[in-house]
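Work through the exercises below with the sequence and the 3D structure at hand. Try each task before reading its solution.

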Amino acid sequence: MKILVTGGAGFIRSHLTDRLIKEGYRVRIFDNLEPQVHQGKKPNYLNPAAEFVRGDVRDYARLQKALAGCEAVFHLAAAVGVGQSQYRVEHYVDTNIRGTATLFDILVNQKNKVKKIIVAASMSSYGEGLYRCKKCGIVKPGLRPEKQLIQELWEPRCPGCASPLKPMATSEKTPLECNSIYALTKKTQEETALMLGKTYRIPTVSLRFFNV
């Protein structure tokens with residue numbers, strides 16, 4: 001089986017490529033070598049057994065060519081960074097949402113062999129996680145107010161009684177509540193993939209990555 005890994009020159013993606021090759025898969029990496037991350041150069045840590053194609057996920061023709069012969073796609077290409085996304089709005093929306101739209105436009109309108117898609121979502125789409133308050137039970141606080149940060153109180157407080165909170169595991173059933181353009185684009189990316197995968201009967205899995 002040949003697998004396409006978009007954004008394959010990145011940290012997680014390169015380790016994924018190593019594992020896929022170890023498991024006997026043929027891998028094609030598709031990456032634009034973002035100057036901010038890679039200085040426009042192909043990293044020397046990439047597995048030499050993987051085929052490398054330089055291109056942007058927003059480039060329809062280039063991406064269509066990269067998909068040729070692939071039976072599965074790990075769609076991990078994205079503009080990454082919460083703070084930066086708040087002022088590079090167009091770049092993040094264009095890369096993360098249009099890039100994913102381009103991929104699926106090809107998959108549903110052009111002849112291909114893809115039978116499985118794995119898309120990288122983000123924990124940032126949850127906003128804050130779940131906490132337990134001794135008085136109010138399980139709560140999901142919003143953004144910490146500026147007044148609290150000025151007082152150097154870094155941990156979230158209970159939105160009901162302002163008591164200290166104890167963090168707890170966040171279930172996948174927790175409602176998504178985006179606090180940045182990055183988070184919003186990753187949420188849209190995830191939902192686009194799952195919706196179109198279901199519509200066109202392409203098995204699609206979304207993995208919400210946490211910080212590595």
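**Exercise 1.** Which residue in strand 8 stands opposite Arg132?

Solution. The model is a predicted one. Begin with the pair of strands: strand 6 (residues 131-133) and strand 8 pair in the antiparallel sense over 2 bridges. Then read across from Arg132, and the residue opposite in strand 8 is Lys166.

**Exercise 2.** Find which strands stand at the edges of this sheet, and explain what that leaves open.

Solution. Write down the order of the 3 strands, which is 7-6-8 in an open, antiparallel sheet. Strand 7 (137-139) and strand 8 (166-167) each have a single partner strand, so one side of each has no neighbour in the sheet.

**Exercise 3.** Determine how many disulfides the model has.

Solution. A disulfide is a covalent bond between the sulfur atoms of two cysteines. The cut-off for the sulfur pair is 2.5 Å. For Cys158, the closest cysteine sulfur is in Cys136, 3.6 Å away, which is too far for a bond. For Cys161, the closest is in Cys133, at 3.6 Å, again too far for a bond. The count comes to 0 disulfides.

**Exercise 4.** Describe the second largest pocket by volume and lining.

Solution. The volume is about 340 Å³. The lining has 15 residues, and among those nearest the centre are Met123 and Asn179. By class, the lining has 7 nonpolar, 6 polar and 2 charged residues.

Conventions: Residues numbered from 1 in each chain as written. Predicted model: local features only at pLDDT ≥ 70, side-chain atom pairs only at ≥ 80, totals over all residues. Heavy atoms only, no water. Pairing = 2+ DSSP bridges. Helix = DSSP H or I, 4+ residues; strand = E, 2+ residues; numbered from the N terminus. 1 Å grid on protein atoms, 1.4 Å probe; cavity = no way out; pocket = protein on both sides within 12 Å on 5 of 7 lines; lining within 4 Å. Points joined across faces, edges and corners; volume = space filled by probe spheres on them. Nonpolar A, V, L, I, M, F, W, Y, C, P; charged D, E, K, R; others polar.
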